[in-house]
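Here are some notes to read alongside the model.

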Amino acid sequence: MSIDNPGGFFSADDFKKDENSWKPIRIYGELLYKKSVDILNLANTICDLLDDEMTKGLIIQNAMVIPAKIRSTMAIDEVYSLVMENAVIVKVNICELNAQLWACEEIYGVEKKYIDVLREEIEAFKKIFIDWVSSFDKANDHPDEWHLFNDPNDFPDDADS
């Protein structure tokens, strides 16, 4: 903790702009990253209200993966299958975090008003997320031997993975 940040909150101010900052994937990515840091800070605050260490751990784990995967996506924004893989990981973690809020309220008695604040942020996150994923360039991809996000017919038979 510092004098400038007595709550020990995470900051989204370190998001660096570059020559590709004009791209929609970068514009939405920056908005999404900032929203994910807000969610992480709110999740940390809710964890302060919990006694159950296991639930705290799950909440923080999910909340921390989200901004990390968004940032890593910004580094590989030119390869569709890789950005989609990260987007799925982000979606899974935000959905798990949202599900854990039910336990916070119903099992651990965290007041609904605190849970609702985080749920509203998750809903705002979801809207930006949809725009972000829509900005991914499907035409810009490399062969993926798992063929999870690309059509195997789009690549030569002898393509290296």
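1. Let's begin with Gly-57, which sits in helix 2. Helices here are DSSP runs of H or I with at least four residues, strands are E runs of at least two, and both are numbered from the N terminus. Gly-57 is partly exposed, at a relative accessible area of 35%. For that scale, buried means under 20% relative accessible area, exposed means over 50%, and partly exposed lies in between, using a 1.4 Å probe and protein chains only. Cys-47 is 10 residues from Gly-57 along the chain, and their C-alpha atoms are separated by 8.6 Å.

2. A word on what you are looking at: this is a predicted model, in which local features need pLDDT of at least 70 and side-chain atom pairs count only at pLDDT 80 or more, while totals for chains, interfaces and linings use all residues. Residues are numbered from 1 along each chain as its sequence is written, and side-chain values use heavy atoms, with hydrogens and water left out.

3. Now the overall plan. The protein chain has 4 helices and 0 strands, in the order α-α-α-α from the N terminus. Of its 161 residues, 38% count as buried. Among contacts (heavy atoms within 4.5 Å) with a separation of 6 or more, 69% come from residues 24 or more positions apart.

4. How do helix 2 and helix 3 pack? Helix 2 (residues 53-75) and helix 3 (residues 80-106) meet at an angle of about 155 degrees, with their axes 9 Å apart. That makes the two helices roughly antiparallel, a label for angles over 145 degrees, where under 35 is roughly parallel, 65 to 115 roughly perpendicular and the rest oblique. Axes are lines fitted to C-alpha atoms over the stretch in contact, and angles run from 0 to 180 degrees between N-to-C directions. Residues in this contact include Leu-58, Ile-66 and Ile-70 of helix 2, and Val-83, Val-90 and Leu-97 of helix 3. By class, the contact of helix 2 with helix 3 has 12 nonpolar, 7 polar and 2 charged residues. Here Ala, Val, Leu, Ile, Met, Phe, Trp, Tyr, Cys and Pro count as nonpolar, Asp, Glu, Lys and Arg as charged, and the others, Gly among them, as polar.

5. Helix 3 and helix 4 pack at about 165 degrees, with their axes 10 Å apart. This makes helix 3 roughly antiparallel to helix 4. Their contact includes Met-84, Ile-94 and Trp-102 of helix 3, along with Ile-115, Phe-125 and Trp-132 of helix 4. By class, the contact of helix 3 with helix 4 has 15 nonpolar, 1 polar and 4 charged residues.

6. Helix 4 (residues 112-134) has 23 residues, which at 1.5 Å a residue should span 33 Å, and its end C-alpha atoms are 33 Å apart, in agreement. The expected span is 1.5 Å times one less than the number of residues. The buried residues of helix 4 are Ile-115, Leu-118, Glu-121, Ile-122, Phe-125, Ile-128, Phe-129 and Trp-132. Their cover includes helix 1 (24-47), helix 2 and helix 3.

7. Finally, is Phe-125 buried or exposed? Phe-125, in helix 4, is buried, with a relative accessible area of 1%. Leaving aside residues up to four places away in sequence, Phe-125 touches Leu-32, Lys-35, Ser-36, Ile-39, Ile-66, Ile-70, Val-90 and Ile-94. Leu-32 and Phe-125 are 93 residues apart in sequence, and 6.4 Å apart in space from C-alpha to C-alpha.
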